[in-house]
Amino acid sequence: MAKEIKTIGVLTSGGDAPGMNAAIRAVVREALVKGLKVKGIKRGYAGLLQEEIIDMEARSVSDTIQRGGTILQTARCMEFVTEEGQKKGAEICKKHGIDGVIVIGGDGSFKGAQKLAALGINTIALPGTIDLDIACTEYTIGFDTAVNTAMEAIDKVRDTSTSHERCSIIEVMGRGAGYIALWTGIANGAEDILLPERYDYDEQRLVNNIISNKKRGKQHHIIINAEGIGHSASMARRIEAATGVETRATILGHMQRGGSPTCKDRVYASIMGALAVDLLCQGKSNRVVGYRHGDFVDFDIDEALAMKKEISEYQFEVCENLSK
Ligand code: ADP
Ligand code: F6P
């Protein structure tokens, strides 16, 4: 028989993402409507192990839907990767009467949710990361805001790049994932995009591209470089020396993780937060909420973690072709 859930906990873990507050708000309010008690677990799994657990009421999430970051704070916690840490976490949940936990984070955080589920605490995970690098879902909380923030910043760099007829290397976030680079590449009309999933470190190809684009009358050359490749400043110096074209590097950095969430991030995060509560009420556990083919769906966490996300070859080619 499915376990009856009376009290749920909610935490945010890993890198923060705009829209996490909208998800927390939805979890709290949906749970209260369903007659459940809600506890906020601060600072991810680190806060769980430190018993930083607070009662949450409807007013605890007032005035938060429009705010970036996470009101529960977030952390990375090595202790929770260990078996002892996970057992301690499950015991602390039991001590506080928490029968179900909603984890908002990336696939590292999902592994923590998987471990808690195996120890008898029902868990539902929500994909919260600006990187869009979770295979089971076409949407992750925060990507839309982050990519729009990056796009607006790149437009500004492009203005000055065109005025000075320069090459600009703009580094966007994504240590292991090139989705922000791919999307801004298309949205900002970049001449080259360098993605961790497929860059071959052939700088001569970039040099040749810059020279031939100059000949074809291009007034700037925008290279979007993903953080995972990095080294934008030294790359700029080498490219300038090889092409004779003035080259500047701009690293956008953590500004991409902050700011007021877009409408899409508020709406999708709200729906996902409410759905997570409803899944717990149905007795489900070890599930991750995703968005696929126009619908909000849920997957087994083990299956979700086994899926692999590829960068679309076609979209990469479109980006290249449209910047000619
Ligand atoms: P993200 O959730 O954004 O992918 P991380 O990979 O840093 O971010 O993971 C966030 C946290 O999730 C880690 O600091 C750790 O506490 C927990 N975590 C990651 N991997 C595991 C694991 N294998 N088992 C249990 N917890 C994990
Ligand atoms: O996972 C989100 C992300 O912003 C990645 O794009 C980036 O590589 C990483 O987090 C940066 O992490 P930190 O905040 O620890 O510098």
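Student: Which helix gives the most to the lining of the second largest pocket?

Tutor: Please keep in mind that this is a predicted model. The helix that gives the most to the lining of the second largest pocket is H6, which contributes three residues, and H6 itself spans residues 179–187. Other elements take part as well: helix H5 (143–164), helix H9 (263–281) and strand E10 (287–292), like H6, each supply at least two residues of this lining. The second largest pocket holds about 330 Å³ of space and is lined by 19 residues, among which Leu 132, Thr 137, Glu 138, Tyr 139 and Lys 309 lie nearest its centre. At least three of the lining residues come from domain 1 (7–142 + 261–306), and at least three from domain 2 (146–257).

The largest pocket can be set beside this one. About 840 Å³ of space lies in the largest pocket, and of the 33 residues that line it, Gly 14, Gly 15, Arg 76, Gly 108 and Ser 109 are the closest to its centre. Here helix H4, which covers residues 107–118, gives the most to the lining, with six residues. The lining of the largest pocket is made up of nine nonpolar, 14 polar and 10 charged residues, and it draws at least three residues from each of domain 1 and domain 2.

Conventions. Residues numbered from 1 in each chain as written. Chains lettered and ligands numbered in written order. Predicted model: local features only at pLDDT ≥ 70, side-chain atom pairs only at ≥ 80, totals over all residues. Heavy atoms only, no water. 1 Å grid on protein atoms, 1.4 Å probe; cavity = no way out; pocket = protein on both sides within 12 Å on 5 of 7 lines; lining within 4 Å. Points joined across faces, edges and corners; volume = space filled by probe spheres on them. Helix = DSSP H or I, 4+ residues; strand = E, 2+ residues; numbered from the N terminus. Nonpolar A, V, L, I, M, F, W, Y, C, P; charged D, E, K, R; others polar. Domains from an automatic or database assignment.
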